Amino acid sequence: MRQVVISKAGSPDMLRVVDVPLPEPDPGSVRIKSAAIGVNFADLVGRLGLYPDSPKIPYVPGYEVAGTIDAVGSGVDASRLGEPVIALTRFNGYSEALCIPADQAIPRPAKMPVEQAGGFLVSYLTAYASLVVMAGIKPHDRVLIHAAAGGVGLAAVDLCRVYGATIYGTASPAKHDFLRARGVQFPIDYRHQDFEKEVARLSDGRGVQIALDPIGGRSWTKSYRALSPTGRLVINGVTSLTPRARRSLRALLRMALTTPWLRFTPVRLANDNKGVVGVNLGHLWDETALLREWVTQLLAWYDTGRIDIHVDRTFPLAEAAAAHRYLHERRNTGKVVLIP
Ligand SMILES: NC(=O)c1ccc[n+]([C@@H]2O[C@H](COP(=O)([O-])OP(=O)(O)OC[C@H]3O[C@@H](n4cnc5c(N)ncnc54)[C@H](OP(=O)(O)O)[C@@H]3O)[C@@H](O)[C@H]2O)c1
């Protein structure tokens with residue numbers, strides 16, 4: 001079978017297609033024949049050698065797949081053979097097949113197209129953890145979503161609509177019409193405008209109750225300032241660490257110098273009546289029961305048409321490098337998915 005390996009830290013050209021033997025499932029595991037593989041921004045950060053949780057390069061990236069169970073290890077109910085499933089994978093996702101513990105292979109709803117299924121779990125679980133669990137979103141909240149037209153961003157937009165929140169979403173200007181059609185009341189052109197001033201202007205100086213900020217550095221400071229009293233900032237990424245398809249020492253330095261390491265002190269949080277929370281889905285991988293509970297809720301919303309996974313583009317698995325470039329160049333609107 002084929003898989004895509006990060007052969008060396010660096011540009012998307014470092015992704016190599018290799019042939020390896022088909023893996024056999026251990027006891028308690030299943031093998032999934034992949035039909036769609038979600039591409040996530042963290043795959044790009046890992047490829048650049050900047051993701052602390054990644055295995056040592058060379059390794060196979062990939063956090064999520066949709067496919068069919070085509071082999072089961074001992075102790076696993078053989079009736080699961082042929083079952084359509086979705087799964088979070090701790091790396092190894094960019095493969096034609098992979099093995100995971102049986103209890104982490106989640107049945108895929110019959111009506112969910114496989115491309116959507118491949119790009120569903122990481123974005124929607126991150127948005128759910130951020131907005132619903134950590135920030136406690138309520139109807140009529142004003143919510144600032146950075147990279148609102150990206151994978152996690154659009155998932156957060158969907159969840160805001162489920163809760164009836166008002167959405168302020170930063171994105172490149174070419175994506176604003178699309179965002180308006182998805183229900184974002186206030187798209188913000190962060191590339192030409194100061195988003196903090198725009199949030200203040202558009203909210204009549206009231207600010208937002210929730211800000212989701214995966215940009216990092218100075219953006220965290222500005223998002224914090226954009227909060228109204230009792231507002232919560234959710235820190236869930238550092239997109240600005242990787243402004244290009246190659247490592248940038250300048251971006252690393254800028255991030256180090258502009259990160260508000262000492263700003264969110266206990267006294268300051270109390271006096272400001274604000275909260276700062278963090279989300280790292282990768283550190284919840286073993287919380288199988290918790291993740292199942294969240295997935296069950298998300299699938300219920302999917303089933304009733306309240307969330308709509310937007311797949312922008314698919315690429316053949318062998319063209320993973322082109323898929324990475326597409327994200328680096330900020331061309332994606334929603335999810336990018338690899339098809340083996
Ligand atoms: N904490 C967690 O558990 C968790 C889980 C998943 C993802 N994340 C993080 O959430 C963020 C979004 O992830 P995603 O997979 O959904 O990706 P994504 O948002 O689809 O990423 C690409 C988009 O980000 C925007 N962007 C802003 N600054 C950028 C930059 N410097 N370089 C490239 N794109 C930039 C671009 O949209 P515009 O042109 O419209 O700005 C681009 O189209 C990432 O930081 C990711 O690491 C965190």
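Val162 touches Trp301, Arg306 and Ile307, with residues up to four places away in sequence not counted; contact means heavy atoms within 4.5 Å. Val162 lies in helix 4, residues 151-163. Helices (H or I, at least four residues) and strands (E, at least two) are DSSP runs, numbered from the N terminus. Val162 is buried, at a relative accessible area of 13%. Buried means under 20% relative accessible area, exposed over 50%, and partly exposed in between (1.4 Å probe, protein chains only). The C-alpha atoms of Val162 and Ser228 are separated by 22 Å. These two residues stand 66 residues apart along the chain.

The model is predicted: local features need pLDDT of at least 70, side-chain atom pairs count only at pLDDT 80 or more, and totals for chains, interfaces and linings use all residues. Residues are numbered from 1 along each chain as its sequence is written, and side-chain values use heavy atoms, with hydrogens and water left out.

Ile309 sits in the loop between helix 10 and strand 14 (311-316). Ile309 is buried, with a relative accessible area of 3%. Neighbours within four places in sequence aside, Ile309 contacts Met112, Gln116, Gly119, Phe120, Tyr124 and Tyr302. The C-alpha atoms of Ile309 and Gln116 are separated by 5.8 Å, although the two are 193 residues apart along the chain.

Helix 3 (residues 121-134) packs against helix 10 (residues 288-303), with axes that come within 10 Å and cross at roughly 100°. Axes are lines fitted to C-alpha atoms, for helices over the stretch in contact, and angles run from 0 to 180 degrees between N-to-C directions. Helix 3 and helix 10 are therefore roughly perpendicular. Angles under 35 degrees count as roughly parallel, over 145 as roughly antiparallel, 65 to 115 as roughly perpendicular and the rest as oblique. From helix 3, Leu121, Tyr124, Leu125, Tyr128, Ala129 and Val133 meet Leu291, Trp294, Val295, Gln297, Leu298 and Trp301 of helix 10. By class, this contact has eleven nonpolar, one polar and no charged residues. Ala, Val, Leu, Ile, Met, Phe, Trp, Tyr, Cys and Pro count as nonpolar, Asp, Glu, Lys and Arg as charged, and the others, Gly among them, as polar.

The protein has eleven helices and 15 strands. Of its 340 residues, 54% count as buried. Residues 24 or more positions apart account for 68% of the contacts with a separation of 6 or more. The C-alpha trace spans about 60 × 45 × 40 Å along its principal axes.
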